[in-house]
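Okay, thanks for coming, everyone. Let me put the model up and then walk you through a few spots in it.

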Amino acid sequence: TGEAMYVDDIPAPKDCLYGAFMYSTHPHAHVKSVNFRSSLASEKVITVISAKDIPVGGKNVGSGFRMLGEEALFGDPVSEFAGQNIGIVIAETQKYAYMAAKQAVIDYSTENLEPPILTIEDAIQHNSYFQTPPFLAPRPVGDIDQGMSQADHKILSGEVKLESQYYFYMETQTALAIPDEDNCITIYSSTQLPEITQNVVADCLGIPYHNVRIITRRVGGGFGGKGLKGTHVACACAVAAFKLQRPVRMYLDRKTDMIMAGGRHPMKVKYSVGFKSDGTLTALLVDLGINAGISPDLSPLMPGHTISSLKKYNWGALAFDIKLCKTNVSSKSAVRAPGDVQGSFIAEAIIEHVASALGADTNAVRRKNLHSVESLRTFYGDAAGDAPTYSLIDIFDKLASSPEYRSRAEAVERFNGGSRWKKRGISCVPITYEVTLRPTPGKVSILNDGSIAVEVGGVELGQGLYTKVKQMTAFGLRELCPDADGLLDKVRVIQADTLSLIQGSFTGGSTTSESSCEAVRQSCAVLVERLKPIKEGLEAKSGAAAPWSALIAQAKMASVNLSAHAYWKPDPAFVKYINYGAAVSEVEIDVLTGATTILRSDLVYDCGQSLNPAVDLGQVSSPPIGTSTCYC
């Protein structure tokens, strides 16, 4: 039909209630009381759910990731940051819940509390840090002192500051919790992490994991924001539904979502860089401060991701001091290429600084310091792969050395010479993205009528995952069916369900499609092995290709197991690899208002052997403004 149903589109169950967060407006304060201004909305309040409503045996937890740490669901008795959940207003409609939450009057006290730590500078002054586990910590490269001694020139006081960024998914955080028999609960959640959501909700309620069922059909935009941040809404609905024994759903309004979401990590960077007169880099020393917010969330992953992206250039030697700062602001989390975006920006700022100091062409400095195969292995280790897979130099040259790029750069210069209030710029930026593969489950089941149900650990976020999985299923079973195109129409990928397919892990890191498809391919291979002898027997008797329906009917009669499950694990020798790309963007800025317009972007991306070129091209080439050209 072309219609896609999201969590908030699910019809409300009978007696369903609605919730809205009341959040703190103080960064570090005791919560003394909560009252409501007299209004129609406040009269519609059924109850307020708070930390005291967490069941006996449960705990005040709203999110958490194994080995990294947890964040509280409720700020109780102290609100630790502005935007922290204080309580959940429950009403008979979402509108009344929103309105009543806005009528809440929260009384605070800062007595006997230290002033809040709000910035990276504050955190460094107070030694307020989170620790990065050793297995996640990046490693330096080479001898920094020797590299600096080899330099003809040095920049010793460079600085880069990066602020936060909101997700702007179309669908805000949402969940629907329905209490079930035997102390169980089912939650429809818009999440990238169904398995982790199941675990956190169970810990919050104090019940076994098998009592919690998380169902996710699709997510209306994630970008990392439907990861750990989404578990807070699921837990809030779960506590309320458990307490009231009625269905409870929440759909955050945009303002509340923006205040509570956290977003991308702000960073402050100080660097010293050494380089030769011809632009060759010899050493880079980086002092990196990362504002993680109040809880670890996924912040311990940021140092490794940031440095990995920074290593796209051969710095000669690379050393760093990274501080993961704990502050009284909302926890920062994964946002679209977390850490990699910041690392790439930092690298480009340094390259621009070096080129400016030398009076050299920036692209010439970039090109001179792209890795050789040998230096790539020095900086990235096993992730560098074999020499033929290193395509970044060819990609960069395709864009930066093209006659079209040079003519466009000249046109930009002419425009700027004749325009006072609008200026244009053009830049060519290379990119490396280090991918880490992870185990992923898949299950393929053939029903009596020959239709096929497929389950994978990944969640459809709009990236075309289910399309690729369907195609891989038809591809994997093609030996059994003479009409491969007809087989595709028989495949249905069903929603993620934590009690149906376990160990689903998470959807993110640009690896879910390939790992899910490989798990499905392995499942199909098992089915082919079981069914091929029956197919050959039928064809020997009839002298013609066995129809799919006849094959499945015969297999059913022979009591063949028509369901296969695989848990794909990456080869220990090939857990990581690197993606390469580059882009030329032409941008115009109004110097009076700061308004920025992307006039054109040309992208080149080495996607290897694409699972679905049409889907992948659509993912790469969706510009917000202007025009775009893609080469994959």
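So, Cys428: it sits at 0% relative accessibility, so it counts as buried, where buried means under 20% relative accessible area, exposed over 50%, and partly exposed in between, with a 1.4 Å probe and protein chains only. Quick caveat: this is a predicted model, so local features need pLDDT of at least 70 and side-chain atom pairs count only at pLDDT 80 or more, while totals for chains, interfaces and linings use all residues. Residues are numbered from 1 along each chain as its sequence is written, and side-chain values use heavy atoms, with hydrogens and water left out.

Next, helix 2, residues 94-102. Helices here are DSSP runs of H or I with at least four residues, strands are runs of E with at least two, and both are numbered from the N terminus. Gln94, Ala97, Ala100 and Ala101 are buried in helix 2. They cover an arc of only 130° around the axis, so they end up on the same side of helix 2; the arc is taken from the directions from the helix axis to the C-beta atoms. On the face turned away from that buried side you get the exposed residues Lys95 and Lys102.

Five strands make an open one, in the order 9-17-16-15-10, with mixed pairing. Two strands pair if DSSP finds at least two bridges between them. The edges are strand 9 (129-130) and strand 10 (153-162), each pairing on one side only. Strand 9 runs antiparallel to strand 17 (residues 318-326), over two bridges, and Phe130 has Leu324 in strand 17 as its bridge partner.

Asp76 and Pro77 are joined by a cis peptide bond, omega about 0°, and Pro77 is in the loop between strand 5 (69-71) and strand 6 (78-79).

Which residues other than glycine have positive phi? One of them is Phe168, near 55°, in the loop between strand 10 and strand 11 (174-180); at 54% relative accessibility, Phe168 is exposed. Another is Ala337, near 60°, in the loop between strand 17 and helix 9 (340-358), and Ala337 is partly exposed at 24%.
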